[in-house]
Amino acid sequence: MAEVFYWILSFVLILTLFCLLGYQLILLVDLEFDYINPYDSTSRINQVILPEFFIQALFCFLNLFAGHWFIFFISLPCLYYNVSLYIKTHHYADVTEIYNKLNFEKKKRLFKVVHLILIFILSILSLVWSLTDEVH
């Protein structure tokens, strides 16, 4: 039963991270096409930065405690990057610099989305592998 709870929680956390990153990307694209002003865009992005970091940390430590070492080690670099941004206090989007850093901010979030897709695929493969391992 604990394994089922782990997989459900793991997939919920991954999908939540997808939603948060997708929301940030939509706001950046809206800013790029001038559908939203920079103040509203950065304030909305900054509201979801810390929840994204927290969910990423929760997902990483969930895999550590569940003993899924490969997924833990794959998700560890993103957690390290988030922690280093937080320590340097560069994690918030700056309203005065958002146009200068718009391309970098979009690429950073797209890289995180690709990283999450990789983790999602590995999680599905690990789930299938654990289910077939229990049958035999």
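Student: How do you know that the length of helix α2 agrees with its number of residues?

Tutor: The expected span is 1.5 Å times one less than the number of residues. Helix α2 (residues 38-66) has 29 residues and should therefore span 42 Å, and its end C-alpha atoms are 41 Å apart, which agrees. Helices here are DSSP runs (H or I, at least four residues), numbered from the N terminus. The model is predicted: local features need pLDDT of at least 70, side-chain atom pairs count only at pLDDT 80 or more, and totals for chains, interfaces and linings use all residues. Residues are numbered from 1 along each chain as its sequence is written, and side-chain values use heavy atoms, with hydrogens and water left out.

Student: Where does α2 bend?

Tutor: The bend, of about 25°, is at I49, and the proline P51 follows within four residues. Such a bend is the angle between axes fitted to the seven residues ending there and the seven starting there.

Student: Why is S41 called buried?

Tutor: Buried means under 20% relative accessible area, exposed over 50%, and partly exposed in between (1.4 Å probe, protein chains only). S41, in helix α2, has a value of 0% and is therefore buried. Not counting residues up to four places away in sequence, S41 touches L27, L31 and I36 (contact means heavy atoms within 4.5 Å).

Student: What makes D34 count as exposed?

Tutor: The relative accessibility of D34 is 58%, so D34 counts as exposed. D34 lies in the loop between α1 (2-32) and α2, and its phi is positive, near 65°.

Notes:
Helix = DSSP H or I, 4+ residues; strand = E, 2+ residues; numbered from the N terminus.
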